[in-house]
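Q: Could you walk me through this model, starting with the strands and then moving on to the charged pairs?

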Amino acid sequence: MEQKQLTEKAINLLKQLISIESFSKEEDKTADAIEAWLTSFSIPFTRKNNNVYAKNKHWSDAKPTLLLNSHHDTVKPNKAYTRDPFLPEVIDGKLYGLGSNDAGGCLVSLLATFVHFYNEENLNHNILMVASAEEENAGENSLRGLLPKLPKIDVAIVGEPTLMNLAIAEKGLVVFDAVVKGTPSHAAHPNDNNAIYNTIEVLEWFKNYTFKKSSEALGDVKLTVTQINAGSQHNVVPAQVDLVIDVRVNDCYTNKEIADLLKSEAPCTIQERGLKLNSSKIDKNHALVQSGVALGRETYGSPTLSDQAALSCQSVKLGPGDSTRSHSADEFIYVNEIEEGIDLYIKILNGFFLTDN
């Protein structure tokens with residue numbers, strides 16, 4: 001099939017996906033649409049919950065595997081929308097609709113790329129295409145939950161809007177709950193151990209705390225106090241103040257190292273909620289990256305999370321669209337971004353498959 005025709009079919013699929021509600025854990029109908037699209041090309045697939053995946057025709061267990069992955073779930077539309085979020089309309093070259101930019105454009109572009117290479121023989125890697133669910137809420141039935149069912153993955157492209165530049169590293173995330181304690185009392189009585197006043201010093205400590213290791217791609221670890229809660233009524237000094245700490249982790253640390261550091265050094269009780277959202281990266285000299293660089297694409301480090309956090313292999317985040325439009329009102333993607341995205345994905349993989357990896 002000619003690339004132009006394949007691109008038209010991908011754009012039509014995106015319009016269909018936009019028209020179907022597919023909030024996290026509610027993606028069954030978009031999974032059905034993706035199944036039907038693959039079936040139209042006579043490509044067999046497997047479905048696990050709302051994840052749909054397929055292998056290239058000439059799969060060989062002796063070869064390493066390249067994963068192509070993006071998600072088909074969306075967040076719920078925010079109240080600032082002025083358009084019907086489920087009405088796909090092209091106006092002045094913009095395709096409007098919920099999930100168009102995050103990450104429908106990436107998903108259909110990767111699906112088209114997978115179809116393009118599906119029948120190719122003598123590739124140096126297998127290709128595994130995964131249209132995943134529950135990415136937006138990091139759910140149990142997301143890519144993370146699917147991975148134990150999949151073949152070993154050696155390298156991955158995760159489709160997220162990057163303006164088709166190569167995010168060669170992505171920050172991880174650890175959320176902490178912290179408690180600043182004091183002595184509860186009646187507000188009318190003296191109290192030298194007021195938990196709220198004690199929090200002033202603790203907040204200053206968090207504000208000024210720095211992690212020593214800085215990353216070439218991702219810069220410094222970023223620590224931010226994002227929530228604070230205390231007290232029940234005006235005349236009672238509370239026993240404690242609860243804080244929430246958001247830490248964006250560079251590729252110089254594991255999440256466990258970050259947790260160990262803060263728990264040993266913070267001037268209050270602090271406990272992580274989980275450690276599974278680790279940072280990720282790929283060697284900038286990797287053949288996949290260099291193929292993109294040879295086409296004039298830039299490399300950078302991404303501060304936002306994706307399904308890369310679930311992967312233990314080297315991975316690059318790459319896709320059409322602009323991350324700043326994600327989760328915005330009246331979300332859109334330019335039609336020519338999808339056309340360019342498919343063309344660049346194919347060219348990057350052509351360069352990658354021609355190298356001696």
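Q: How do strand β9 and strand β13 pair, and over how many bridges?
A: This is a predicted model, and in it β9, which covers residues 172-181, pairs with β13, residues 240-249, in the antiparallel sense over 10 bridges. Within that pairing, Lys181 stands opposite Gln240 in β13.

Q: What is the strand order of the sheet with β9 and β13 in it?
A: The sheet is an open one of 4 strands in the order β11-β13-β9-β14, with antiparallel pairing. Its edge strands are β11 (222-229) and β14 (269-272), each of which pairs on one side only. On average, neighbouring strands of this sheet are turned by 25° against each other, with direction ignored.

Q: Which strands does helix α5 touch?
A: Helix α5, residues 195-208, packs on this sheet and touches β9, β11, β13 and β14, its direction making about 10° with that of β13.

Q: And which residues make the nonpolar surface patch?
A: Ile196, Tyr197 and Ile200 make a nonpolar surface patch of about 340 Å². Of these residues, Ile196 lies in helix α5, and it counts as partly exposed because its relative accessibility is 41%.

Q: Changing topic, what is the order of the open sheet of 3 strands?
A: The order there is β4-β5-β18, again with antiparallel pairing. The edge strands are β4 (89-91) and β18 (332-334), each pairing on one side only, and the twist averages 30° from one strand to the next. Between β4 and strand β5 (residues 94-96) there are 3 bridges, and Ile91 stands opposite Lys94 in β5.

Q: Which strands does helix α1 lie across, and at what angle to β5?
A: Helix α1, made of residues 3-18, lies across β4, β5 and β18 and runs at about 30° to β5. Helix α3 (residues 100-117), for its part, lies across β5 and β18, running at about 40° to β18.

Q: Where is Ser326 found?
A: Ser326 is in the loop between β17 (314-317) and β18.

Q: Is Ser326 buried or exposed?
A: Ser326 counts as buried because its relative accessible area is 18%, the cut-off for that class being under 20%. Leaving aside residues up to four places away in sequence, Ser326 touches Asn101, Asp102 and Pro161. The C-alpha atoms of Ser326 and Ser100 are separated by 8.9 Å, although these two residues are 226 residues apart along the chain.

Q: What does β2 pair with?
A: Strand β1 (residues 46-48) is joined to β2 by 3 bridges, and 4 bridges join β2 to strand β6 (residues 126-132); both pairs run antiparallel. Val52 takes part on both sides, being the bridge partner of Arg47 and also of Ala131 in β6. β1 and β2 form a hairpin with 2 residues between them, and Asn49 in the turn has a positive phi of about 55°.

Q: On to the charges: how many salt bridges does the structure hold?
A: The structure holds 13 salt bridges. One of them joins the side chains of Lys284 and Glu216, at 3.2 Å from N to O. That pair links distant parts of the chain, with Lys284 in the loop between β15 (280-281) and α7 (287-294) and Glu216 in the loop between α5 and β11, 68 residues apart.

Q: What about Asp246, buried or exposed?
A: Asp246 is buried, with a relative accessible area of 16%, and its side chain meets that of Arg248 in a salt bridge of 2.9 Å, N to O. Arg248 counts as partly exposed at 25% relative accessibility.

Q: Where do Asp343 and Lys347 lie?
A: They both lie in helix α8 (residues 335-353), 4 residues apart, which is about one turn of the helix. Asp343 forms a salt bridge with Lys347, the closest N and O atoms being 3.1 Å apart. Asp343 counts as partly exposed at 24% relative accessibility, and Lys347 does so at 41%.

Q: Which residues are linked with Arg47 in a network of salt bridges?
A: Asp32 and Glu35 are linked with Arg47 in such a network.

Technical notes
Residues are numbered from 1 along each chain as its sequence is written. This is a predicted model: local features need pLDDT of at least 70, side-chain atom pairs count only at pLDDT 80 or more; totals for chains, interfaces and linings use all residues. Side-chain values use heavy atoms; hydrogens and water are left out. Two strands pair if DSSP finds at least two bridges between them. Axes are lines fitted to C-alpha atoms, for helices over the stretch in contact, and angles run from 0 to 180 degrees between N-to-C directions. Contact means heavy atoms within 4.5 Å. Patches are made of residues with over 30% relative accessible area and no salt bridge: like charges are joined within 9 Å, nonpolar side chains (Val, Leu, Ile, Met, Phe, Trp, Tyr) within 5 Å. Accessible areas come from the Shrake-Rupley method with a 1.4 Å probe; for residues, only the protein chains shown count as cover. A salt bridge is a side-chain nitrogen of Lys or Arg within 4 Å of a carboxyl oxygen of Asp or Glu. Buried means under 20% relative accessible area, exposed over 50%, partly exposed in between (1.4 Å probe, protein chains only).
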